[in-house]
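This report covers pockets and helix packing. The structure comes before the details.

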Amino acid sequence: MSEVVLPPGFPTPHSCRYCQKITIAPGNIGYVYGGTYEFTVGQVEAGADSGCKFLIAIRRRIFWEPHPPPSTKLTWTLSYYANTITSIKVSHEARTYKPVLAQQEADFVLITCPENYASAFIMNQPINTLPRSKESFDLARSWLRTCLQYHPKCQRGFGLSDKFMPSRVIKLDATSGVLRMRLVESLPKPEPYATLSYCWGGDQELKTLRDTIESFKIDMPVHELPATIRDAAEVALQLNIPNLFVDAFCIIQDDPNDIAHQLAQMPTIYSESMVTIAGSRAKSVDQGFLHEREPLPPFFERGEVYQLPFCSPTGEIGSAILLPFHFDSVTEPLEDRAWALQERLLSPRIIDYGTHQTFWHCWCVNDVRDGWLEAGFMGRNFEAQVPGLFQKPIKSLAPPKERSPASISSSSLHESELGEILDSWNTVVRIYSARKLSFPTDKLPAIAAAAARFAIVLDDQYRCGLWKSYLQYHILWYIEYKDDEQLRSRTAYKAPSWSWAAIDGSVMIQWVSWHSHYTFCLEILECEVRLASDLLPYGAVTSGFITAKGRIKPAMLGRRHDFWKKRGKWFLENTTREGHIIESIAVVHIDVEPNLQGIWIQSIRVTLLEVLTGMESHQPVGLILCEVKPETFRRIGMFNCDHGRYIPFSQTDQEKERHRIRVEEGKRLFHDSDRKTLKII
């Protein structure tokens, strides 16, 4: 039996004569589930009583008082991913012996090593603890070489262009055995370069400024550079790439004009890079990402590691290591950084140095790694969501020309393609808005490069994170607040109130899933924004407004204190035709903390603006506005009366009657309202 060679520091797996009777022997590879082995409750009890740690773990997880009969058979089920085994599940048939809320199965992740016979069937491997080793760099070079030679989708000029080069790059040289770095401008002809995606972790002491750029052109103080920058230079040289783009050094950080010019080039800088080096595991630029990794994540118990025999279909005997399944996933520090999202979206190739593994992502593969668990298990399969539109060359970075609403239907995009692209934008907004920015005013600039790509494909005008031809859809966004979160207040100006970019927090835009079931009632007459820089048509703005025509209605927005929710429970009051005051005629999503009056129940006068109504339910959905001056309003939230036409079975007759009244009053909410023209800022 071939042994599993484990990295230094990995806990010694348990193995004894009792659990060695259990041999993992897969049947037909390719089925989602397969491989059932007979083992009885009595055998588990005997082995556990004799001290077998693996059988003790199974008994603890799936046996409950009273125990099942000793003759009850256990079922061992293998789970497959991409024709390889990822985990094994242990259960038994006597489910009636368990409490209703008891755990019903025991799941174990399987790992092995490349030299073991089991590696032909088991994908997961031990953590590569030495990302700086020769073997690790050999593997990284093979990933890049394979992509450049054999991936057709990755061969569209990206990273191989002879026409584009960033204005500045760091020239790398280690021919003398000592790393030298210097800043170069306007190379005579384009050369391969790598880009770096990383966390600043606060302001950097060493960066390119007006008074340091000339000295950096001569020689950069390598030993004074932060660890992440030095690690990136080492990776680039190991990949035989002589140039490196790092924003802190290739952009003059105290020159607003240079910043604007370089930000305008970001879509091309990252899409034309040979590879983007992602220092995902480093919280700050000083930490670096090539240092040694821990052999086992902290959420795995070091005493719960087991080894079982593995028999291949051809009879070779190997070994598999079993670890208790955990749903804990790793959120890398870089995944919280807002700027890094567009860097990842635009890059054709990424080598990603994570906490437990190094990933290779490109437009042909996204699950190649140097060890540990498959990407989806660790919650790191984001690349599967990357829209295909990022795989097309950028022909122009100029904003598309104005289009009339009538021309939208004649767009070259098929309706299904259009829906997919807009849904992709909604996904990008949701992921991006949940991330963090060191400077809140970067809200629009940090997504501008991705927006430039979408604008070209949609052939549409961009308005502060929304698309002009689809404003009726995109203004219906809301912030996903958690129960323990308080409402945010408006801080520095980032965007008009009708844009999701005006508020910090995770945003949901939910038009694609239900737009075909609604009739749009709001007419957008005008939408204009003033850019902070003409060089950045997708960047920061100083002001903006929408002029619209639709039905409006005055209302009272109230908040009742709630023990579970720090921000309270929000509702819209409405008076029925019989004179009864009812609450909760709509689901209410509040963006920011309004100026409320009252103590226990607080309220404020607001204006409701109807945006759409359900085709079948006739229930309105729209915006909650506060008037700042005559006929000029600011958005503070969104309401949805179409929150449930069907009466829950568990309600009493009185509750059902109140529900019926709410539904009927929601239908009549705007019946006595005239259409008016208003401005939203």
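## Second largest pocket

The lining of the second largest pocket divides into 14 nonpolar, eight polar and five charged residues. Nonpolar means Ala, Val, Leu, Ile, Met, Phe, Trp, Tyr, Cys and Pro; charged means Asp, Glu, Lys and Arg; the others, Gly among them, are polar. The second largest pocket holds about 640 Å³. Of its 27 lining residues, P114, Q125, P126, N128 and D370 are the closest to its centre.

α3 (134-150) and β15 (368-369) each supply at least two lining residues. α3 gives the most, with three residues. Helices (H or I, at least four residues) and strands (E, at least two) are DSSP runs, numbered from the N terminus.

## Model basis

The model is predicted: local features need pLDDT of at least 70, side-chain atom pairs count only at pLDDT 80 or more, and totals for chains, interfaces and linings use all residues. Residues are numbered from 1 along each chain as its sequence is written, and side-chain values use heavy atoms, with hydrogens and water left out.

## Largest pocket

The largest pocket has a volume of about 830 Å³. W200, R337, W339, F439 and D442 are the closest to its centre among 28 lining residues. α7 (256-271) and α8 are the elements that give two or more residues to this lining.

On a 1 Å grid over the protein atoms alone, a pocket is an open set of points where a 1.4 Å probe fits, with protein on both sides within 12 Å along at least five of seven lines; lining residues have an atom within 4 Å of a point. A volume is the space filled by probe spheres set on the points, which are joined across faces, edges and corners.
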